[in-house]
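Work through the exercises below with the structure open.

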Amino acid sequence: EVPHFIGMVTCQAPNGDIVHGDYGSPTRLCVWDWKGKQARVVAEAAPMSLFTLDVAPDGRVYLPDYTANAMFRYDPANGKVERCAEYGAFGTYIRNVVCGADGFGYVTSHRYDPGVGIPTTVVALNPETGEKFQAHSDASLSMAWNTLVKDAAGRALVASLSWGRQVWHEL
């Protein structure tokens, strides 16, 4: 068990538990259920570069590995972390993940382009079929990788820039 504040990336599961992952070797996935001051390690995986993680309505945890450009998924039913999607067709790196109330996992995929900036595409993942598709992309999404969020109703949103203002798009 580890103190519940040690995680590098943190989110709250639909059941209220606090879930966090770290940059350790191995990467540890921990859950704190509000009982006591300790989180419990529920899984360990090969080292990952995590900027975010999120928990889907079904309780599975999605972990976008920035360096591997791949999505991993922890399933509490079997206690395993498995690679579930590759994103090379959309960009060089994935970064932020949001699990929407619609059942899809959304991730920002981007590449560094010295002449353009950081073009970003939001990619949707159907967790049941493994199908991935472009959910949103436009020229103003450069640097929008940090605006992928989920509202209180579980809707996935991303912001783009238009004339110096943020414009929000529901996915």
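The model is predicted.

**Exercise 1. Find the salt bridges and examine the pair Glu128 and Arg60.**

Step 1. Side chains of opposite charge can pair when their charged atoms come close.

Step 2. Count. The whole structure contains 6 salt bridges.

Step 3. Take the pair. Glu128 and Arg60 form a salt bridge, with 3.2 Å between the closest N and O atoms. This pair links distant parts of the chain, 68 residues apart. Glu128 is in the loop between strand S12 (120-125) and strand S13 (132-137). Arg60 is in the loop between S6 and strand S7 (61-65).

Step 4. Glu128 has 64% relative accessibility, so it counts as exposed. Arg60 has a relative accessible area of 13%, so it is buried.

Step 5. A network of salt bridges links Asp58, Arg60 and Glu128.

**Exercise 2. How far apart are the closest N and O atoms of Glu86 and Arg83? Then treat Asp151 and Arg155.**

Step 1. In the salt bridge between Glu86 and Arg83, the closest N and O atoms are 2.4 Å apart.

Step 2. Glu86, at 41% relative accessibility, counts as partly exposed. Arg83, at 45%, counts as partly exposed.

Step 3. Turn to the other pair. Asp151 and Arg155 meet through their side chains in a salt bridge of 2.5 Å, N to O. Arg155 counts as partly exposed, at 41% relative accessibility.

**Exercise 3. Describe the largest pocket: its volume, and its lining.**

Step 1. The largest pocket holds about 160 Å³ of space.

Step 2. Its lining comprises 14 residues. Ala13, Asn15, Asp17, Gly59 and Pro76 lie nearest the centre of the pocket.

Step 3. Sort the lining by type. The largest pocket has 10 nonpolar, 2 polar and 2 charged lining residues.

**Exercise 4. Which elements give two or more residues to the lining of the largest cavity?**

Step 1. Count the cavities. The structure has 1 cavity of 30 Å³ or more.

Step 2. Size it. The largest cavity holds about 40 Å³ of space.

Step 3. Look at the lining. Among the residues that line the largest cavity are Thr27, Arg28, Leu29, Ala43, Glu44 and Ala45. The elements giving two or more residues to this lining are strand S4 (27-32) and S5.

Step 4. Sort by type. The lining of the largest cavity divides into 7 nonpolar, 2 polar and 2 charged residues.

**Exercise 5. Characterise the loop between S5 and S6 through Phe51, Thr52 and Ala46.**

Step 1. At 33% relative accessibility, Phe51 is classed as partly exposed.

Step 2. Find its surface partners. Met8, Tyr23 and Phe51 make a nonpolar surface patch of about 300 Å².

Step 3. Move to Thr52, in the loop between S5 and S6. Thr52 has 18% relative accessibility, so it counts as buried. The C-alpha atoms of Thr52 and Tyr66 are 9.6 Å apart, and the two residues are 14 residues apart in sequence.

Step 4. End with Ala46, also placed in the loop between S5 and S6. Ala46 has a relative accessible area of 55%, so it is exposed. Its C-alpha atom is separated by 9.9 Å from that of Tyr23, 23 residues apart along the chain.

Technical notes
Residues are numbered from 1 along each chain as its sequence is written. This is a predicted model: local features need pLDDT of at least 70, side-chain atom pairs count only at pLDDT 80 or more; totals for chains, interfaces and linings use all residues. Side-chain values use heavy atoms; hydrogens and water are left out. On a 1 Å grid over the protein atoms alone, a cavity is a set of points where a 1.4 Å probe fits but cannot get out, and a pocket is an open set with protein on both sides within 12 Å along at least five of seven lines; lining residues have an atom within 4 Å of a point. Grid points are joined across faces, edges and corners, and a volume is the space filled by probe spheres set on the points. Ala, Val, Leu, Ile, Met, Phe, Trp, Tyr, Cys and Pro count as nonpolar, Asp, Glu, Lys and Arg as charged, and the others, Gly among them, as polar. Patches are made of residues with over 30% relative accessible area and no salt bridge: like charges are joined within 9 Å, nonpolar side chains (Val, Leu, Ile, Met, Phe, Trp, Tyr) within 5 Å. Accessible areas come from the Shrake-Rupley method with a 1.4 Å probe; for residues, only the protein chains shown count as cover. A salt bridge is a side-chain nitrogen of Lys or Arg within 4 Å of a carboxyl oxygen of Asp or Glu. Helices (H or I, at least four residues) and strands (E, at least two) are DSSP runs, numbered from the N terminus. Buried means under 20% relative accessible area, exposed over 50%, partly exposed in between (1.4 Å probe, protein chains only).
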